[in-house]
Amino acid sequence: QDHDSLTIPLLSHRQRSINSTSQVAIVGANVCPIESLDYEIAENDFFKQDWRARGKVQIFQYIFMKWLLCFLIGGFVSLAGFFNNLAVENIAGVKFVITSNMMLAQRYWMAFLVFSLSNLALTLFAAIITAFISPAAAGSGIPEVKAYLNGVDAPGILSIRTLIVKIVGSIAAVSSSLLVGKAGPMVHTGSCIAALFGQGGSRRYGLTWKWLRFFKNDRDRRDLVTCGSAAGIAAAFRAPVGGVLFALEEMASWWRSALLWRAFFTTAVVAIILRALIDVCLSGKCGLFGKGGLIMFDVYSANVSYHLADVPPVLALGVIGGILGSFYNFLLVKVLKVYNLVNEKGTFYKIFIACTISIFTSCLLFGLPWLVSCQSCPSDASEDCPTIGRSGNYKKFQCPPGHYNDLASLIFNTNDDAIRNLFSKNTDSEFQLSTMLIFFVTCFILSIFSYGIVAPAGLFVPVIVTGASYGRFIGMLIGSWGNLSHGLYAVLGAASFLGGSMRMTVSLCVIILELTNNLLLLPLIMVVLLVSKTVADAFNGNVYDLIMKVKGFPYLETHAEPYMRQLTVADVVSGPLQLCHGIEKVGNIVHILKTTMHHGFPVIDESPHSESPVLYGLILRAHLIALLKKKAFLCTPVQLGADAFRHFSSDDFAKKGLGNVDKIEDIELTDEEMEMFLDLHPFTNASPYTVVDTMSLAKALILFREVGLRHLLVIPKISSV
C-alpha cells in the first residue's frame, strides 16, 4: 500500500473533486477537460527551417506587431473601462435621483419600491445573461486569468462571448447597488481583449492577415494576456504603474524585462486615453458622469504630518487588517462552497440566489439609514448641505431641512462615492461612531454574500470600502490622541484590509498612492501592508488562490512542499507509457491518439535507424493530428528528408484560435492509408527538457514551473560499466 501511494500520480485526487457551478467551477461537472498550454516552443526541424527562412522584414513585422497589438489592447481596454464607468454612473445616478425625489416628497414606500425593483431588475438581467450565455463570465475573473497565465487552459474563459457578458453584466451588477466591484471584471475584460487580438486572425471573419500569423502560439498569447491584465487594473483605478506591478506580483507566473517594457507601454496608453476621455466629461457631455467613477484622484490631497506617536495606531491597523482579511477569506470560501451545492441543482437556483441577495441588499441599504439619528449641517461645509440629488457627503434622506443622514451618505450611494466620502479630508465630525460600525458590518457581510452569485463581480472595491470603514472607525476611537485625520485612517484601513485579504504589497502600495495622489502617505502604507500581510499569512492564503482551489484549477505553486524533497520523479510517474517510433505506421498513431488523452509522446529511434534504442525527442498531439489531416503518408518506412518542407507550411502547425481544436475523431482514413507510414523526425522536438529518474520531485517542480513546461521527460540513469 505504501508503494502504491508513491507511484499513483499526486494530482489524481485533486482532479476527482466535483464542481458544477458557473462561479465556482466554470468548466462543468468534471475538472478533467481542463488542459495545459504549450508555453515551450517545439524546436523541431520544421520550426528551425521556418525561422531560418525569415528575413529582416519578417523580423521587423514580428516586433512591430507586438508593439502595435499592445497599443490596440491599451486603447480598447481604456474605452471599455471608460464606458463601463459612464454607464454605471448614469444608470445608478438616474436610480438615485428618482428615489431621492420621492424621498423629498415623503413618498417613502414608493421610493423603496422603485429602488428595490430597479436593483432586482438589473441583478436579474446580469444573472440571466451570465447563466445562459457565458457562465465563465461570473465572478471576478482574476483567478481564471491567473490560472491561464500559469498554464491552465480552461474552456471559454477568454472567448468573445465571455468578453461581452463580462462588460454588460458588470455594468448591470455594479449599477444594481450590489456590493461588488469593477476592478476584477476589468482585469478579465482586458485579458479577453488581449486573447482575441492574440489569436492570429480569424478565418470565419476573414481576418487572416499574414502579419498576424506570428502569434499563433501560446507563448506570445500569454505575454499579450499579461499586458491585458495590467491594462485592466490601469483602466479600473487610473493606476498605470500599479497595473504593471499588479500583473508582475499577482498575475504572471513567468516574467522578463521585455514583457515589463511592453506592459508599461500598454498601461501608459490606457492612462493617456482615459485622461482625454475624462476631460471631455468634465465639460458636462457625459450626463451624470461628472465627478464620479474613474475620478478618484485627489480624494486625499491634504498635506500629511505625522509623528512617532502615530506609529502604534498604524501598526494596530495592520494587525487588525491581517486578522480581518484572513477571516474574510475564510468566510468567503465557505459561502462559495455553499453556493456551489445549491447551484448544482440547476440554472434556476443560481438566478434565485442572485435575486435573493439583491432583495436582501436593497432592504438593508434602504432600511439601515432609518436607524441612525439625523445630524445638523455644519456651518463650514465645503459643499451643499443637505445634498439634494445623487452624490455628495451630506445626504438628506428622511431628515428635516438643515439636517443630513450620515449613514445614507455612505450606504445610499455608489461604491466610488462612498470611498470618496470616507477618504475625504476635513470631515472628522461628519460621521458618528455608530454609523461607521453599522456600515463596516454591513459591507463585510454583503461583500461576502454578493461575490458568489452568477454575475460578474469584483472584490477590489468592496474590500476597499470595508477596510476604509473600519479604518475610519478606529480613527474616531483614537480621536484627539493622534495627529492623523479620520480620512487618512480610512486610507490606511483600506490598505490593511487589502493586504490582509489579497496579500500583495508593492502593487497595492502603488495603486493606493495613485488613487490618493499623495506620495507623503508612502511610509505609512508600506508599514500597514507589510504588517497586515505578515499577520494574515499565518492563517490562510490569499483570496484569489483560495478561489482557484475551490474552482478546481490545478495551479502550480512557486514553491515545493517539504515532502517533495523525499520523493524522486520516478516515484510519481505512472504507466503504461505510449511511444512513437521515428517512422511510425499510420494505424499505430491513430490507435495511440484514440486510446489516450496525452498531448505529448516520446519518439524513439530503433534499428535500422539507430544501432540501439535512443530517445529522439517529443512530438505533440496537435502536430500528429495535423500530419494525419495532410495525409502526406509514405508507402515504405523511409525518412522524408527535405521533402517535408515542400508538403507543409508553418500555418499547418500553428495553434488554433480559442475553442478551435482538431480532434482525431474528425479524420477519416481508409484501410490502405492505415497501413502506410509517417516520418516523424522533421516534426519532433529533438531537444525536449529531460531529467534523470533520480532527480528529486522538488527540483523537477521548480524546473517545470520556472521554464513554463507542459512536458518533462524522465529517463533512467544508466551507469557505465
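Y404 is located in strand β4, which covers residues 403–404; helices (H or I, at least four residues) and strands (E, at least two) are DSSP runs, numbered from the N terminus. The model is predicted: local features need pLDDT of at least 70 and side-chain atom pairs count only at pLDDT 80 or more, whereas totals for chains, interfaces and linings use all residues. Residues are numbered from 1 along each chain as its sequence is written, and side-chain values use heavy atoms, with hydrogens and water left out.

**Y404**

- Y404 is buried, with a relative accessible area of 2%; buried means under 20% relative accessible area, exposed over 50%, and partly exposed in between (1.4 Å probe, protein chains only).
- From C-alpha to C-alpha, Y404 and S373 are 9.0 Å apart in space, and they are 31 residues apart in sequence.

**Y470**

- Helix α17, residues 460–478, contains Y470.
- Y470 is buried as well, since its relative accessible area is 3%.
- The residues that Y470 touches include L317, I320, L324, F440 and F497, not counting residues up to four places away in sequence; contact means heavy atoms within 4.5 Å.
- A polar atom of the Y470 side chain lies 3.4 Å from the backbone nitrogen of G321.
- Y470 and I438 are separated by 32 residues in sequence and by 10.0 Å in space, C-alpha to C-alpha.

**Helices α8 and α9**

- Two packed helices are described by the angle between their axes and the distance between the axes.
- Helix α8 (residues 183–197) packs against helix α9 (residues 218–237) at an angle of about 145 degrees, with the axes 7 Å apart; axes are lines fitted to C-alpha atoms, for helices over the stretch in contact, and angles run from 0 to 180 degrees between N-to-C directions.
- Among the residues making this contact are M186, V187 and G190 of α8 and L224, G228 and F237 of α9.
- By class, the contact of α8 with α9 has eleven nonpolar, five polar and no charged residues; Ala, Val, Leu, Ile, Met, Phe, Trp, Tyr, Cys and Pro count as nonpolar, Asp, Glu, Lys and Arg as charged, and the others, Gly among them, as polar.

**The whole chain**

- The protein chain has 26 helices and eleven strands.
- Of its 721 residues, 56% are buried.
- Among contacts between residues at least 6 apart in sequence, 79% join residues at least 24 apart.

Key
A polar contact is a pair of N or O atoms within 3.5 Å; within protein, one must be able to donate a hydrogen and the other to accept it, and residues adjacent in sequence count only if both atoms are side-chain atoms.
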